[in-house]
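Here is a note for a colleague who is opening this entry without having seen it before. Please look at the sequence and the structure before reading the points.

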Amino acid sequence: MDPANTDWYDLKSNVCIGKGDFTCAVASLEEVFSIDSTKADTSFYAKILYAAQQKPDTAKYLMWAKRGAAKYDSRADILEELAIAYGWAGQTDSSVATARKMIMLDDTKTTAFGRIVKSLVDGKKYTEAASLAPTVKGLSDADAKEDYAGLLFAGVQELVKVKPVDNPTLVALSEAILAVGPKNQNLITYGNYFMVFGLQASLSEQSQALRTPAATCESTKQYEALVNKLEPALKIVAASSNADIAKYGGGLLAIIPGERTAVATQLAKFCK
């Protein structure tokens, strides 16, 4: 065997993949690169990233994804791998930035974009996944928006299983779902329901504070903004076909007129 024969190592990597020995496959492909780095074409990166992802070997996966993206910085498929690798490595800001870059290069790569979002949600990087909402909102693909909202809703369902519920993250996810304008009525209803649920504690706290000597013009205006935000959401929740959800929404909706009256009184008192 010629130790400088890259074809042999490439063939060996195929055998290793066939046997499910992905460590062997990565090592063989690294031999190809060390012998002749010009052999690292798009097929090479597709193969080594596939192998590194399977074990998974996060360090190798990220290293080769970075190299691939540096060489082929306009290849959406390699940028997808890099975004996922960043997510696995805990570098979620870089993952989000790479996802944005990928979809801006080619806004038809919505399936790949969805895989990145799913990777973030599966990794419980909910805030980072939600931060992509403005990018998704700007897409012309309505199905991509529905898919994104659905992926975030899966995150919501997981998030509320953990007690106590992380309300700020719940609100961020819910607002991101609604921000992209889904057409699915369940996503609209539950997006509003969980947003209200996440803000209910703030509603209660600010309502009580409004009626104390510590209330100020600024705090009253903040509470007014919260009431203005919640009222349309509560109307949607109260109209739900789910009786329990509708009852919940209707109960909170009933207190809104009284809160508005209290707000008006305090604004007149403090904001002169």
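The points below go from the whole chain to single residues.

1. The model is predicted, and this applies to every value in the note. Residue numbers start from 1 along the chain, following the sequence as written.

2. The fold is helical: there are 15 helices and zero strands. The radius of gyration is 25 Å, whereas the globule rule gives 19 Å for 272 residues, so the chain is more spread out than a compact globule. Along the principal axes, the C-alpha atoms fill a box of roughly 90 × 40 × 35 Å.

3. Of the 272 residues, 43% count as buried. Among contacts with a separation of 6 or more, 57% are between residues 24 or more positions apart.

4. On charge, the chain carries 30 positive and 31 negative side chains. The centres of these two sets lie 6 Å apart.

5. The largest nonpolar core consists of 83 residues. Val117, Tyr148 and Leu152 have the most contacts inside this core. With residues up to four places away in sequence left out, Tyr148 touches Val117, Ala129, Ala130, Leu132, Ala133, Val136, Ala176 and Val180.

6. Thr110 lies in helix H7, which covers residues 110-122, and Thr189 is placed in helix H12, residues 185-210. Thr110 has a relative accessible area of 17%; this is under the 20% cut-off, so Thr110 counts as buried. Thr189 is buried as well, with a value of 7%. Leaving aside neighbours within four places in sequence, Thr110 is in contact with Ile103, Leu139, Asp141 and Ala144. On the same terms, Thr189 touches Ile236, Val237 and Ser240.

7. Is Arg67 buried or partly exposed? Arg67, in helix H4 (residues 58-71), has a relative accessible area of 35% and is partly exposed. Beyond its neighbours within four places in sequence, Arg67 is in contact with Phe33 and Tyr45. The C-alpha atom of Arg67 is separated by 50 Å from that of Tyr223, and these two residues are 156 residues apart along the chain.

8. Leu105 belongs to helix H6, residues 92-105. At 44% relative accessibility, Leu105 is partly exposed. Residues up to four places away in sequence aside, Leu105 touches Asp73, Ser74 and Leu79. Leu105 and Lys19, which are 86 residues apart in sequence, are 36 Å apart in space from C-alpha to C-alpha.

9. Two backbone details deserve a check. Most residues other than glycine have a negative phi, and most peptide bonds are trans. In this model, a cis peptide bond joins Lys163 and Pro164, with omega about -5°. Pro164 lies in the loop between helix H10 (142-159) and helix H11 (167-179). The phi of Lys124 is positive, near 60°. Lys124 sits in the loop between H7 and helix H8 (126-130), and with a relative accessible area of 53% Lys124 is exposed.

Conventions: This is a predicted model: local features need pLDDT of at least 70, side-chain atom pairs count only at pLDDT 80 or more; totals for chains, interfaces and linings use all residues. Side-chain values use heavy atoms; hydrogens and water are left out. Helices (H or I, at least four residues) and strands (E, at least two) are DSSP runs, numbered from the N terminus. Buried means under 20% relative accessible area, exposed over 50%, partly exposed in between (1.4 Å probe, protein chains only). Contact means heavy atoms within 4.5 Å. The radius of gyration is taken over C-alpha atoms; the globule rule is 2.2 Å times the number of residues to the power 0.38. Lys and Arg count as positive and Asp and Glu as negative; His and the chain ends are not counted. The place of a charge is taken as NZ of Lys, CZ of Arg, CG of Asp or CD of Glu. A nonpolar core is a set of buried Ala, Val, Leu, Ile, Met, Phe, Trp, Tyr and Cys residues joined through side-chain atoms within 4.5 Å.
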